[in-house]
Amino acid sequence: MAQRICILGLGYIGLPLAAVLARHDLQIIGVDINQQAVQTINQGRIHIYEPGLEEMVRTAVSSGRLRAYEKPQTADTYLICVPTPFHAGTVIPQANIDYVLAAARSIAPLVKAGDVIILESTSPVGTTERVAEVLAEAGAEVAALHIAYCPERVLPGRIIEELTGNNRIVGGLNKAAARAAADFYRIFVTGEVVETDARTAEMCKLAENSFRDLNIAYANELSMICDRQGIDVWNLIALANKHPRVNILQPGPGVGGHCIAVDPWFIVASAPDLSPLIRTGREVNNRKAHWVVEKIVARAEALARELGRPPRLSCYGLAFKPDIDDLRESPALEIAGDLARRGYEVLAVEPNITSHGDFRLLGVDEALQQGDLHLILVKHRPFAEAAVKKRLREAGAMDFCGLFASPGGGLAPPP
Ligand code: SAJ
């Protein structure tokens, strides 16, 4: 009989994972507390956007290999892929692992000796041990289980290919658990699968995202310094990156999403006295969005004096990064919201969504016609089309994401 895999959480990680696993000789049980999501999936459709996913889910459901439920079912391997947001309101945001622990509790009555239990959700160090404790408290025979942590590392927009192609770090609560969990990943991962202990694997994920956050903070800090000194930061970075050992990332209106803007706090919360660098990186990236608003407001106030009325502001992009529909922790959305709260009429262009509760969405043409000041907040592909870019440039748009930058840097060639 085919091995049974139970995936708890059918969001951006769990659902693609279910679809990829269903291509193998496995029986996939998807579990989500969202009844609507469960129904949608069982009809072979999806409730999130990810290129290539819908077709894979349709195939998986129609072949009978994938079925979604609201409650966990007995399996051989359990994968916990639920969100780990943070508790708001504290000085240093603290991770909220309630969903992880609830998922562990929900499978406690089902697990049997030899089963593999893997946590994939980004979690503070020590969470896998907490999963084991919760299972034990709920009566599970923990010593007979293989409990491990294996962080997801996929990039939204490229999830399907990265799920199989990326290297995986598998941290077991003991060596046997690491081996059993790693063997599971070897079924479908073409990248390297490396075994380690759970605490190292947990920290590894946090370290990766903090590394990226810090590198972006460097680019964002440079962008503010360059602006004051009259230097084009994108040109500067392209030139600096011609050095063989320099690779500066790109500045933008801030750092968004549910990963890079969140995970560094998990490290800071665990060792506040030892993490000034990581904390400062977070603060620089958060500060960047406020700086952008200050720049826009200064320009808008000058324009208001010319027009004799407040200008209408056209914002190009609301998502947290280019070419996705995800607005979570989006700096562009935060900036547009801040401008609206200051009393400006905000016209929003977001080609990847069809409606938004707070903003009237317009096409590029309408926004160009109706807006007085044009603000490029996300480098979506449609804005980078030559004709659109030209019109935005002619309209004197403020570019906060390098849409107008020449990729090679340097002076434009003579005409
Ligand atoms: N950004 C910049 N400048 C850059 C690169 C990104 O401002 O040069 C901004 C983006 O616009 C966005 C934010 O940073 O607002 C994050 O975008 P991202 O593409 O860097 O990362 P995510 O959040 O989509 O995915 C990250 C990835 N982690 C790393 O690259 C180390 C991904 O591999 C993880 O799986 C994911 O976090 C996660 O789930 O943790």
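Me: On a 1 Å grid over the protein atoms alone, a cavity is a set of points where a 1.4 Å probe fits but cannot get out, and its lining residues have an atom within 4 Å of a point; which residues line the largest cavity?

Reply: The model is predicted, so that local features need pLDDT of at least 70 and side-chain atom pairs count only at pLDDT 80 or more, while totals for chains, interfaces and linings use all residues. Residues are numbered from 1 along each chain as its sequence is written, and side-chain values use heavy atoms, with hydrogens and water left out. By the rule above there is one cavity of 30 Å³ or more. The residues lining the largest cavity are Tyr12, Tyr49, Glu50, Pro51, Pro156, Gly157, Ile324, Asp325 and Asp326.

Me: Where does the largest cavity lie?

Reply: An automatic or database domain assignment gives domain 1 (3-197) and domain 2 (233-399). Both of these domains give residues to the lining, so the largest cavity lies between domain 1 and domain 2.

Me: How many salt bridges does the rule find across the interface of domain 1 and domain 2?

Reply: A salt bridge requires a side-chain nitrogen of Lys or Arg within 4 Å of a carboxyl oxygen of Asp or Glu. Across the interface of domain 1 and domain 2, the number found by this rule is zero.

Me: Which residues are closest to the centre of the second largest pocket?

Reply: A pocket is an open set of points with protein on both sides within 12 Å along at least five of seven lines, and the second largest pocket holds about 430 Å³ of space. Among its 19 lining residues, the closest to the centre are Asp227, Trp234, Met398, Asp399 and Phe400.

How values were computed. Grid points are joined across faces, edges and corners, and a volume is the space filled by probe spheres set on the points.
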